[in-house]
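Please read it alongside the coordinates.

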Amino acid sequence: MDQPKSYKASDEYNWIMDVSEPNQLRNAVYEMKQYYINKLIEANLLDASAKDECTLTVSQLKTIMSHHRVRQTVK
């Protein structure tokens with residue numbers, strides 16, 4: 001039986017390395033970012049020409065949506 005991993009604050013640990021499929025995580029984050037960007041474009045809060053150049057994080061995009069009360073649709 002595998003022992004659970006325990007890490008101390010002083011240990012350098014990159015949690016991303018434990019993800020069995022890092023591309024799945026990367027793709028999920030990309031899809032979330034595109035979803036928020038598209039919603040902000042629909043609400044005229046972001047210019048469509050900036051879609052591919054958007055450097056905002058998912059958290060920042062979500063905050064902008066919340067601040068402007070942009071409706072989110074459930075997928």
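This is a predicted model: local features need pLDDT of at least 70, side-chain atom pairs count only at pLDDT 80 or more; totals for chains, interfaces and linings use all residues.

1. The protein chain has two helices and zero strands. The helices are α1, spanning 22–42, and α2, spanning 58–67.

2. Burial and surface. Of the 75 residues in the protein chain, 19% are buried. The chain exposes about 6,700 Å², and 50% of that area is supplied by carbon and sulfur atoms.

3. Contact range. Taking contacts between residues at least 6 apart in sequence, 47% join residues that are at least 24 apart.

4. In soluble globular proteins, nonpolar side chains tend to be buried together. Here the largest nonpolar core has eleven residues: Y35, Y36, I37, L40, I41, L46, C54, V58, L61, M65 and V70. Both α1 and α2 supply at least two residues of this core. The largest share, five residues, comes from α1.

5. I41. Leaving aside residues up to four places away in sequence, I41 touches L46, D47, A48 and K51.

6. The aromatic pair. A search of the whole structure finds one such pair. The ring centres of Y35 and Y36 lie 5.3 Å apart with the planes at 65°, so the arrangement is edge-to-face; an angle over 60 degrees is what that class requires. Y35 has a relative accessibility of 14% and therefore counts as buried. Y36, at 6%, also counts as buried, the cut-off being under 20%.

7. The salt bridge. Side chains of opposite charge can pair when their charged atoms come close. A search of the whole structure finds one salt bridge. It joins the side chains of E42 and K39, with an N to O distance of 3.7 Å. The bridge is within 4 Å, as its definition asks.

8. Setting of the bridge. E42 and K39 both lie in helix α1. They are three residues apart, about one turn of the helix. Are the two partners buried or exposed? E42 is exposed, because its relative accessible area is 57% and the class begins over 50%. K39 is buried, with a relative accessible area of 13%.

Key. Residues are numbered from 1 along each chain as its sequence is written. Side-chain values use heavy atoms; hydrogens and water are left out. A nonpolar core is a set of buried Ala, Val, Leu, Ile, Met, Phe, Trp, Tyr and Cys residues joined through side-chain atoms within 4.5 Å. Buried means under 20% relative accessible area, exposed over 50%, partly exposed in between (1.4 Å probe, protein chains only). Helices (H or I, at least four residues) and strands (E, at least two) are DSSP runs, numbered from the N terminus. Contact means heavy atoms within 4.5 Å. Accessible areas come from the Shrake-Rupley method with a 1.4 Å probe; for residues, only the protein chains shown count as cover. Rings of Phe, Tyr and Trp (its six-membered ring) pair if their centres lie within 6.5 Å; planes under 30 degrees apart count as stacked, over 60 as edge-to-face and the rest as tilted.
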